[in-house]
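Work through the exercises below with the model in view. Try each task before reading its solution.

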Amino acid sequence: MPSGNLRARAISVILAACGVWSALTLAATPSQNAPATSEDRASTRAQGLMAWQQIYSVLTHPRCINCHTATNYPQQGDDRHRHFANVVRGPAGKGVPALQCVTCHQEANADSTGGPGAHDWHLAPLSMKWQDVNDNILTSAEVCRTVTDRSRNNNLAGAGLLRHHTEEPLVLWAFQPSRRIDGSMRTLPPLTHDEFVAATRKWVEAGTPCPRNP
């Protein structure tokens, strides 16, 4: 047999062997793009829900919920009583012309008067209420649906929610609320701001899962 034919046959055998080896190797190696298993998805959701519960503990603390009311007025104090001086929401959540929020709430806390302050002080819109009209805090599932509903939350997706929790001046204020008029310190949320942001990031990375109502 001519040597040229022998070389051709040898090359064909080698190529066939390489093809079989490649196929076996690919079959034995899991694809990096393979979809997560149901167990993986369940674990991710569980971790996200645990992070959400941490977030919920902050959102429903008086430092936050006093401005996320379902009423026509803000609340004050840990007992969440009605704001003094008959302050009302007004058309934009910033009070009425004769008594706007920024009249008393300046750019920073005023320890001399006990007046809390941060940039653009105002009530959260009614679309972001975290209590009902009877002053009962909404369930974790209800608050989560409110927070993640882009038709109600100023069109914020997960990244926007994380940025809001990280940078928003009124959110930052909740973790540094300064003193009351009697000199005592206002109570702080159950997490530090760093912990709150870390929980939000974990929740967002998990796909912002919400618990189901019982």
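**Cysteines and rings**

Both Cys144 and Cys210 are buried (under 20% relative accessible area with a 1.4 Å probe, protein chains only; exposed is over 50%, partly exposed in between). The model is predicted: local features need pLDDT of at least 70, side-chain atom pairs count only at pLDDT 80 or more, and totals for chains, interfaces and linings use all residues. Residues are numbered from 1 along each chain as its sequence is written, and side-chain values use heavy atoms, with hydrogens and water left out.

**Exercise 1.** Find which cysteine a disulfide joins to Cys144.

*Solution.* 
- Apply the cut-off: a disulfide is a pair of cysteine sulfur atoms within 2.5 Å.
- Cys144 is joined to Cys210, S to S 2.0 Å.
- Cys144 lies in helix H5 (residues 140-148) and Cys210 in the segment after helix H8 (193-205), so the bond ties together parts 66 residues apart in sequence. Helices here are DSSP runs (H or I, at least four residues), numbered from the N terminus.

**Exercise 2.** Count the aromatic pairs, then classify Trp52 with Trp203.

*Solution.* 
- Rings of Phe, Tyr and Trp (its six-membered ring) pair if their centres lie within 6.5 Å; planes under 30 degrees apart are stacked, over 60 edge-to-face, the rest tilted.
- The structure holds four such pairs.
- The centres of Trp52 and Trp203 are 5.1 Å apart and their planes at 40 degrees, so this pair is tilted.
- Both Trp52 and Trp203 are buried.

How values were computed
Helix = DSSP H or I, 4+ residues; strand = E, 2+ residues; numbered from the N terminus.
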